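Morning, everyone. Let me put the structure up.

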Amino acid sequence: MPKQDSSKTKDNKLTSRRDFLRSAGNYTVASLSGAAMLLSDPKPAKANVTWEEHFQKNYRLMTDEEKQEAIERLETRYSEEYGKQVTVDGTPSIEGVLFGYALNIQKCIGCRRCVKACVAENNQSRGDEQQIEWIRVLRMEKGKFSEADRDQHGYPESFGVQVGGNAYKPAGVVLEGQHYYEPEQVPEKDAFYFPMQCMQCEKPPCVKVCPVRTTYRDPDGIVVIDYNWCIGCRMCIGACPYWARRFNWGEPNLPKEEMNPVTHYLGNRPRMKGVVEKCSFCVQRTRKGRWTACVEVCPVGARKFGNLLDPNSEIRKVLAKKKVFRLRADLNTYPKFFYYMD
Amino acid sequence: MRFLQFVVDYLKAGFTGGILFWLWMLFLLFFIMLWGYGEYVQIANGMIVTNLNDQVSWGFYLANFVFMVGVAAAAVTVVFPAYVYKHKELHRIVVLGEMIAIAAVVMCLLFVIAHMGRPDRLWHLLPVIGIFNFPHAMLTWDVIVLNGYLLLNIIGGYYYLYKKYSGGEINKSFYLPVVYIAIVWALSIHTVTAFLINTMPARPMWFHSMMPIKFITTAFAAGPSLIIVVFLLVRRFTPMKIADEAFHLLSQIVVWCLGIALFLTMSEIVTELYPATEHSLGLQYLMFGHNGLNSLVPFFWTALSLMVGSFILLLIPRIRKNLTLLPFVCIAAFVGIWIEKGMGLMLPGVIPTPVGEFAEYTPSHIELMVVGGIWAIGFFLLTFMLKGAVAVLQGEVRYRTETSKQAVSEQQAEAAT
């Protein structure tokens, strides 16, 4: 019986679990906790997580051979699990490259095609139970100062000190954007849009607080995560001022037919429950000279991507010629994600 | 050999008791089983069985963790006066304080494990086989200080008990350094825990330097409150004599630490609310709610009234020295601080999120089961350890050589005839 039958009934599940137990000699059975974890897993395919995978080193500390082994293990497992040829790339960062990103907030129309493209490209969990999106598009209200909004009585009445404006009605731009908007048409008349994602900080607070260094900054400036090493403590989620990190609360739901088989070890390969993930500047694409999925899909060309160290790159021109700002500069995280206006 | 005998005798003494004792232990065992079930469900399905989400990714587990670290640290309120001020009455029962610390730290470690997304990978934290991100990550500091504190208390407490048991002299040049290091170490565990959450500018409500000192003062109010109640129970249910003076000193520690904690709370509220910048949204949400989202508001005001109420009551010497009333006031202070430092600190720290989103959170049944179970484990351990310790301190359990054993059994035989 093929162990990774695509149409798994309940009986199959039981037999394959028994198979797993019988062939426990082949798989060196994991430690007590590890074994309990694997056996209690509802998906039998996960029983394939081997002792070697469970006890492998942190990716960054592996030798090249060990990396290759880890990658091959994953390729075999994923190919079986998803019923297609899955490749796991291990391309390291390229010399002389520092990736940067720029977003034209004047142009963004809030269509959120970037969000959807990102989910499809990067194998995020989808469905009602657990939907993970790396990009958030905030809908911000446009500032308006109209005669009607002006408070005639001063501010605030009983305190007796007039400081101008009106503290109780939204005058000007309110700081709270929201990302659950569902308009019939975009862009909406009285709104502008503010996409956020991982800023790939030069001084990332998430890296500093990680107790096991599962997340680190690669030389090309991408902050990556070794999903096999993450212990799920969520310190990084607490430390991220951009709310860019997502946690796999349950087993991710990634339909076989929608799974993107071109993956990178540090990027879009399928994740497991209990680990943190986030935007990786589509490391599987950008280290091969391609654009990120969100840049590619943006219908208005609001998104720019490129090598900050290359003086002729588009991103450098944007930084040189446009009005640029970074988000929450006061926190000294030095994002490599820039917002600009024409 | 003699040490093995100690372990066996200690275990025996710890699990000897009347019907009330066994009813209490069974009651705790019921909750411990719920804990086992809750942990199983959580490990099998992932943390999706909790009510945590991307907005509120830290909740009930960490809230209890933070509180219990304080209780563990507060054992120093017994050890410090005993050894530094040579307080006689406290010196006699200092071991009992250490037992409370051990139980509290064990609870802390269990809360952390419950909070982890991948407890099967905790070995990644171990130095050498894993990676220890030291000194960068605060969590590694916390791992060091918590485990170190556990070790210090086990060594200190059980070395003393073992010497008492075997009738040997205490080697002061070994024992006293352990005690003094443990005193300083106690402060470090709660300070580091405060640093853990206080060093994140992404969470403005926690991002102020008052946090560590406020942690310490609330801990030194909540901890001794629990210690007073536990000691009163020990006095009531065991032959151990604990003098009134010990309680008077502890209740004074509670009242002054509570007073300082309230002062710090007031300073924080004024500083945050007077300019009322966007950074005070968390505190505002805690105190007054936000656009109808106000599930935390009753908790905050309950906690505050409990703390203020017990502070005022404890200020009155007649109440503070009344050992029948005192435990109730102490329980009020304990519960007040548990709410204030647990849910009242953890949740508004992550609400609103960095993008300004307010998400209400209530623990799920699984979370309640796990947390209740860990508390039960703590009390189970504590009951057993205290019973054993009291038996040793009272001299009921003591090492007997073969000849003395014979003598005892002959005596018993004689008495029987």
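How do the residues lining the second largest pocket divide into nonpolar, polar and charged? Keep in mind that this is a predicted model. The lining divides into 22 nonpolar residues, five polar and two charged.

Let's stay with that pocket. Its space comes to about 890 Å³. The lining counts 29 residues. Lying nearest the centre are Trp24(B), Leu233(B), Val234(B), Phe237(B) and Thr383(B). Which elements supply two or more lining residues? They are α2 (19-45), α9 (211-237), α14 (326-341) and α16 (365-393), in chain B. Of the contributors, α16(B) gives the most, with eight residues.

Now over to chain A, and a strand. Look at β12, residues 337-341. Is this strand largely enclosed or open? Buried here means under 20% relative accessible area. By that cut-off, four of the five residues of β12(A) are buried, so the strand is largely enclosed by the rest of the structure.

Next, the pairing. Which way does β2, residues 99-104 of chain A, run against β12(A)? The two are parallel, and four bridges join them. As one example, Ala102(A) has Phe338(A) as its bridge partner in β12(A).

Then there is β11, residues 323-325 of chain A. Here the run against β12(A) is antiparallel, with three bridges. Take Lys323(A): its bridge partner in β12(A) is Met341(A).

So, to recap β12(A): a parallel pairing with β2(A), and an antiparallel one with β11(A).

Terms used: Residues are numbered from 1 along each chain as its sequence is written. Chains are lettered from A and ligands numbered from 1 in the order in which they are written. This is a predicted model: local features need pLDDT of at least 70, side-chain atom pairs count only at pLDDT 80 or more; totals for chains, interfaces and linings use all residues. Side-chain values use heavy atoms; hydrogens and water are left out. Buried means under 20% relative accessible area, exposed over 50%, partly exposed in between (1.4 Å probe, protein chains only). Two strands pair if DSSP finds at least two bridges between them. On a 1 Å grid over the protein atoms alone, a cavity is a set of points where a 1.4 Å probe fits but cannot get out, and a pocket is an open set with protein on both sides within 12 Å along at least five of seven lines; lining residues have an atom within 4 Å of a point. Grid points are joined across faces, edges and corners, and a volume is the space filled by probe spheres set on the points. Ala, Val, Leu, Ile, Met, Phe, Trp, Tyr, Cys and Pro count as nonpolar, Asp, Glu, Lys and Arg as charged, and the others, Gly among them, as polar.
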